[in-house]
Amino acid sequence: MEEAVDVLRHAFAEWKAGRAGNQVRRRMFPPEGAVLHSMAGWANGFFGTKIYSTHPAHGAHFFFHLFDAATGEPLALFEANYLGQIRTGAASGLATDLLANPEAQVLTVIGSGFQARGQVEAVRAVRPSIRGVRVWSRGEMSRSRFAEEMNATAFATAEEAVRGADIVCTATFAREPVLDAAWLSPGTHVNAAGSNNPRRRELPAEVVESAGLLCADSMEACLVEAGDYLMAKVDWSQVVDLKDLNREWKPDRLSIFKSVGLGLEDVAVAAHVYRKLIPAPASNGRSPATH
């Protein structure tokens, strides 16, 4: 996770400099009930696309295709479930590093599923000062298991878990808000990573509208997918893209990072894994064999 945060830090800096890019997710809705999603990005001599399917009763299946940007040669095909968990967590970790209290002590995560684990790992990677992790989710057994596995404390209500936290991460499938503005203190940083649907939200309008700083992993993508922002009264001219964000925690300000997930993040992390595992091209200039 520490490597992944650094990889995304570099990727977003490259994007700001015009040396990387992102293509917003597209979705196809055939009548049988499953959904096909695709998203793409390019950076550091690579480009690629993630294609995945979802079905409410049958789960999700993720694949990422990595290519050489100079030749178009296919380099690798990843089964990308864990790749997505890592890059989603790392994006929140990067935002947390820039916006959260440098001496943050308490992290709360709302949700106890696959993505919630990545959120905890990422925040711990950038804030070693964290001394306590709290968790709440609707399923008692799930949150108890999560607490045991992640060395966290399970709470019976979301309010108890959130009050007094320095950092709050939401990683749920909720359609309606999972926390309340009254539970959050000035100086708290919130990572909202659970929804990329314009008709779903984890944060109520009151929380979004009371924030002193709103950040997006991509303004373009969030204008399409970020129900948390779209269902509130947001001045989009004041929303800051993650690539343009400066390090600035303020103790009297609530900050929010809205993550919908980007193809740029996928290609950056996939390329990093590829470089670690596959030998460099031979001296004759030929690329290594596809794996």
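**View 1. Aromatic pairs, with Phe46 and Tyr274 as one of them.** A search of the whole structure, which is a predicted model, finds seven aromatic pairs, where rings of Phe, Tyr and Trp (its six-membered ring) pair if their centres lie within 6.5 Å, and planes under 30 degrees apart count as stacked, over 60 as edge-to-face and the rest as tilted. Phe46 and Tyr274 form an edge-to-face pair, at 6.1 Å centre to centre and with 75° between the planes. Because Phe46 lies in strand S3 (residues 46-55) and Tyr274 in helix H9 (residues 263-277), this pair ties together parts that are 228 residues apart in sequence; helices (H or I, at least four residues) and strands (E, at least two) are DSSP runs, numbered from the N terminus. Both Phe46 and Tyr274 are buried, meaning under 20% relative accessible area (1.4 Å probe, protein chains only), with exposed over 50% and partly exposed in between.

**View 2. Charges over the rings of Tyr52 and Trp15.** The charged end of Lys50 sits over the ring of Tyr52, 5.6 Å from its centre, while Lys243 lies over the face of Trp15, at 5.7 Å from the ring centre. The criterion is that NZ of Lys or CZ of Arg is within 6 Å of the ring centre and within 35 degrees of the ring normal.

**Notes.** Residues are numbered from 1 along each chain as its sequence is written, and side-chain values use heavy atoms, with hydrogens and water left out. In this predicted model, local features need pLDDT of at least 70 and side-chain atom pairs count only at pLDDT 80 or more, whereas totals for chains, interfaces and linings use all residues.
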